Amino acid sequence: DYFFLESFDEKQYWEWALFDVYKFIGETSNMLGALLISKKLKKVLENFKITEPHFYYLSKLLYKGEKKDYYIFQFTGEKFLNPLFGYINFKDSLFFDPNQKIALKIINKEDLYFQTSRILKESGFDIINVPIKKLVLNKNIDFFPMQSFLGDNIVSERLKQAIEENGIIGFEFFEIDYEVIAE
């Protein structure tokens with residue numbers, strides 16, 4: 001009835017740090033489209049625009065013998081994929097074929113799957129996703145999870161700032177090398 005923290009170090013060091021967000025790994029790695037988050041982070045997220053559907057499930061985290069209230073924040077998976085594609089304006093977005101070094105115009109999710117498969121075969125499966133040059137979203141979204149089909153989770157500057165101002169611990173932010181436009 002709870003999750004526990006485990007690392008690759010000796011068991012005595014498994015619970016060395018309490019964070020507001022954890023990725024699922026190990027036996028729970030089948031929950032790739034979810035994070036384990038604190039109540040504090042949930043309150044922050046509830047004030048921002050996150051792709052629909054997404055869900056919060058009350059859970060527990062065992063930390064140093066105490067069960068703490070946490071939430072499973074689920075935002076990707078089989079039933080989430082089609083709605084996520086609805087946020088992308090494919091007509092104005094621009095993708096890139098790294099093998100042929102040419103720009104790609106992708107018109108829909110089927111075309112994205114086709115181009116990804118083609119690029120993977122040509123690259124010998126060295127490239128996981130079709131690289132993006134410009135991603136146009138048809139809604140102003142603060143959290144856009146693309147890890148299941150384009151590789152990144154995009155967070156708006158507004159949400160990033162709120163996470164930092166509220167002292168949320170456990171996120172690592174990276175600059176992306178493509179343009180994101182929210183209409």
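Author: Tyr56, Phe73, Phe75 and Phe143 form one aromatic cluster. Rings of Phe, Tyr and Trp (for Trp, its six-membered ring) are paired if their centres lie within 6.5 Å; planes under 30 degrees apart are called stacked, over 60 edge-to-face, and the rest tilted. The model is predicted, so local features need a pLDDT of at least 70 and side-chain atom pairs count only at pLDDT 80 or more, while totals for chains, interfaces and linings use all residues. Residues are numbered from 1 along each chain as its sequence is written, and side-chain values use heavy atoms, with hydrogens and water left out.

The setting may be given briefly. The protein has four helices and eleven strands, which are DSSP runs numbered from the N terminus (helices are H or I with at least four residues, strands are E with at least two). Of its 183 residues, 41% are buried; buried means under 20% relative accessible area, exposed over 50%, and partly exposed in between, with a 1.4 Å probe and protein chains only.

Twelve aromatic pairs occur in the structure. In one of them, phenylalanine 55 and tyrosine 57 are tilted, at 6.1 Å centre to centre and 35° between the planes. Phenylalanine 55 is partly exposed, because its relative accessible area is 31%; tyrosine 57, at 35%, also counts as partly exposed. Another pair joins phenylalanine 75 and phenylalanine 143: the ring centres are 5.1 Å apart and the planes stand at 85°, so this pair is edge-to-face. Phenylalanine 75 lies in the loop between strand E5 (66-74) and helix H2 (78-85), and phenylalanine 143 in strand E9 (residues 143-145), so the pair ties together parts that are 68 residues apart in sequence. Both phenylalanine 75 and phenylalanine 143 are buried.

Histidine 54 sits in the loop between H1 and strand E4 (55-63) and counts as buried because its relative accessibility is 16%. A polar atom of its side chain lies 2.9 Å from the backbone oxygen of threonine 51.

Rolling a probe the size of a water molecule over the atoms shows where empty space is left. The structure holds one cavity of 30 Å³ or more, and the largest cavity has about 40 Å³ of space. On a 1 Å grid over the protein atoms alone, a cavity is a set of points where a 1.4 Å probe fits but cannot get out, and lining residues have an atom within 4 Å of a point. Grid points are joined across faces, edges and corners, and the volume is the space filled by probe spheres set on the points. The lining of the largest cavity consists of Leu35, Ile37, Leu41, Leu45, Phe73, Phe143, Leu159, Ile163 and Phe171. Strand E3 (34-38), helix H1 (39-45) and helix H4 (157-165) each give two or more residues to that lining.

Phenylalanine 171, one of the lining residues, lies in the loop between H4 and strand E11 (179-182). It is partly exposed, because its relative accessible area is 29%. Leaving aside neighbours within four places in sequence, phenylalanine 171 is in contact with Val21, Leu41 and Ile163.

Technical notes. 1 Å grid on protein atoms, 1.4 Å probe; cavity = no way out; pocket = protein on both sides within 12 Å on 5 of 7 lines; lining within 4 Å. Polar contact = N/O pair within 3.5 Å; in protein donor to acceptor, adjacent residues only side chain to side chain. Contact = heavy atoms within 4.5 Å.
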